[in-house]
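The following exercises are to be worked through with the sequence and the model in view. Each task is followed by a solution in steps.

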Amino acid sequence: MLIALFGLAAVGLGIVATVVDLDTSAQLATVAGSVGGFLGFALSGYALLRPPAAGSGRNAATAAGTRSVAAGGSIGRAVTGDRASLAAGPVTPAAGTSGSAQADGERGIAAGGEVGEAITGDDTRS
């Protein structure tokens with residue numbers, strides 16, 4: 001739709017150039033370009049500063065390292081070590097916020113919410 005609008009404006013300026021004169025069409029093109037530039041600036045500023053839409057917030061979680069764990073929400077228990085001995089049952093983290101999380105490096109653990117228990121060493125006993 002926007003492309004059609006720009007095409008229509010270009011045709012209109014072409015008609016003005018042939019019917020009136022070239023100086024008038026150049027002045028109109030200058031004004032139209034200035035208005036279009038300002039509208040583009042205002043639209044990009046709005047897109048940059050607007051708050052995210054409700055319900056569209058996906059939690060980005062990335063784990064880049066070997067045996068890394070990342071979660072956009074909470075993690076009850078994360079075990080990345082070899083031969084870990086777990087005595088207790090699963091850990092339930094407190095209800096918390098969620099968000100973005102990124103775990104880098106070997107056996108990194110990251111959560112956008114709460115982490116109940118993280119076991120990263122080998123031969124660990126809990």
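**Exercise 1: Helix H2 and the surface**

Val31 belongs to helix H2, which spans residues 22-49. The model is predicted, so that local features need pLDDT of at least 70 and side-chain atom pairs pLDDT 80 or more, while totals for chains, interfaces and linings use all residues. Residues are numbered from 1 along each chain as its sequence is written, and side-chain values use heavy atoms, without hydrogens and water.

Task: State how many helices and strands the chain has, and in which pattern.

Solution. Step 1: the chain has 2 helices and 6 strands; helices (H or I, at least four residues) and strands (E, at least two) are DSSP runs, numbered from the N terminus. Step 2: along the sequence the pattern reads α-α-β-β-β-β-β-β.

**Exercise 2: The largest pocket**

Task: Identify the residues that line the largest pocket and the element that gives the most to the lining.

Solution. Step 1: a pocket is an open set of points on a 1 Å grid over the protein atoms alone, where a 1.4 Å probe fits, with protein on both sides within 12 Å along at least five of seven lines; lining residues have an atom within 4 Å of a point. Step 2: the lining consists of Leu2, Leu5, Phe6, Ala9, Ala32, Val35, Gly36, Leu39, Gly40 and Leu43. Step 3: helix H1 (2-19) and H2 are the elements that each give two or more residues to this lining. Step 4: H2 gives the most, with 6 residues.
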